[in-house]
Each structure stands twice: as C-alpha cells, then as structure tokens.
Amino acid sequence: MGRNGNGEGSGGGGGAGGETVPRLGSSSRVRRGADPLLVVCRCFSFVTALTAILCIAVNALSAVRSFRDGSDVFDGIFRCYAVLIAFSVVVAETEWGFIVKFWQVLEYWAGRGMLQIFVAVMTRAFPDYSSSQKDLILLQNIASYMLLACGVVYVVSGILCIGFLKRARQQKEISKEQAVKDLEQLERRREELEQLLMEERV
C-alpha cells in the first residue's frame, strides 16, 4: 500500500511537472504587445511618404505644363530635380537597409527632416500662374506645407534623440521576435520528443 501511495505521489508529481512544461507556449504572447512609440513612428512615416508622393505629383504636373506650353523650360528642369529628390524622401521612409547604408545621413532624423524641408521649399517655389491654374497652386500649397511640417517634426525629434530611441526599441523588438521564434522551435522539438517517448512506451 505504501509503495502504491509513493507511486501515485511520484506519478502526480510527474503529472504536475508535465503541466508546467506547456507554459513555455504562453510566453509567446509577449510578441503580441506592440511598442506604442514604434506604432506612432510608423504612422508618421506613412503620412510623410504620402505627402512626399503628393509633392512628386505636383512637381511632375508642373514640369509637364512647363514643357508643353514652352513657357519656362528652366522651371520644368527644376521640377524634374524636385521629383527626384522627393522620390528619395519616399525611399528614405521605407528604411531599406541598402538605402541607409548607401546614404547614412538619412538614418538620422535631423538630416531626413532637412531633406524634407528642402523638397517642400522646391515645391513651393512655383512661378505666378494664371487664374486658370488655381488647382495647381492649391495642390502646391497643401503638399509643400504638409511636407514642411513633417520636416520640422523630424528635425525637432532628431534634436531630442527620438530617432535614437526609436532605433534602440526597434532593435529590441527584433531581438524579442527572434527569441520568441527560438522558443517556439524549442517547444516544437519538445513535443516531437514527447511523441517519440510515448511511442516507445507503447
């Protein structure tokens, strides 16, 4: 009777130990919580990219009108350069590793903000159009002032080291995701080993 009691006690202990093992899977829930700072930065980066795309459209439309009417060829050439620089702003917001390595100044928010302000000034530098082109002037005002505001925010945030804080948290998030993946892989391996042990016991 005593042996049976001990056997049941040891079996219960083994069962308790078996119940504690699946708790590893619950730790994978850590990745569900997103960092609020990273979420805000991604949303702001998306808005900045859309504003830069609007600047591209405005400058491209102005260049087409300048070349088509032959009113100011130099203005058309100026708009083409504005389109290329605005496109670099859009690419910078994607934060591709190749672009950051090729042009490291874009990794710093102050440099990125100054580039956006420069594009906003180029977009705003429209010549005086006739009253029939008020739509172009309206688009120009919206695009230039929005991108100017984004550039100012980037410069101020860069001075306050928000960009450095964002990169640090982003690296931490990547490390956390990698740790969760490793933990899930270990859990799958544990389940496979448990299945093999069950088959051997049978």
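Which side chains meet in a salt bridge at 2.7 Å, N to O? They are those of Glu-194 and Arg-190, in a predicted model in which local features need pLDDT of at least 70 and side-chain atom pairs count only at pLDDT 80 or more, while totals for chains, interfaces and linings use all residues. Residues are numbered from 1 along each chain as its sequence is written, and side-chain values use heavy atoms, with hydrogens and water left out.

**Salt bridges**

- The whole structure contains 4 salt bridges, each defined as a side-chain nitrogen of Lys or Arg within 4 Å of a carboxyl oxygen of Asp or Glu.
- Glu-194 and Arg-190 are 4 residues apart in helix H8, about one turn of the helix; helices are DSSP runs (H or I, at least four residues), numbered from the N terminus.
- Arg-190 is buried at 17% relative accessibility, whereas Glu-194 is partly exposed at 38%; buried means under 20% relative accessible area, exposed over 50%, and partly exposed in between (1.4 Å probe, protein chains only).
- Glu-192 pairs with Arg-189 in a salt bridge whose closest N and O atoms are 3.5 Å apart; these residues are 3 apart in helix H8, about one helical turn.
- Glu-93 and Arg-112 form a salt bridge with closest N and O atoms 3.9 Å apart.
- Because Glu-93 lies in helix H4 (residues 73–94) and Arg-112 in helix H6 (residues 109–124), this pair ties together parts that are 19 residues apart in sequence.
- Glu-93 is buried at 7% relative accessibility, and Arg-112 is buried at 4%.

**Helix H8**

- The buried residues of H8 are Gly-163, Lys-166, Glu-173, Val-180, Glu-187 and Arg-190.

**Nonpolar surface patch**

- Phe-46, Val-47, Leu-50, Ile-53, Leu-138, Ile-142 and Met-146 make a nonpolar surface patch of about 640 Å².
- Two or more residues of the nonpolar patch come from each of helix H3 (36–69) and helix H7 (134–159), with H3 giving the most, 4 residues.
- Phe-46, placed in helix H3, is exposed at 55% relative accessibility.

**Cysteines**

- The structure has 0 disulfides, a disulfide being a pair of cysteine sulfur atoms within 2.5 Å.
- The sulfur of Cys-43 is 9.3 Å from the closest cysteine sulfur, that of Cys-41, which is too far for a bond.
- Cys-161 lies in the loop between H7 and H8 and has a positive phi of about 65°, although it is not a glycine.

Key. Patches are made of residues with over 30% relative accessible area and no salt bridge: like charges are joined within 9 Å, nonpolar side chains (Val, Leu, Ile, Met, Phe, Trp, Tyr) within 5 Å. Accessible areas come from the Shrake-Rupley method with a 1.4 Å probe; for residues, only the protein chains shown count as cover.
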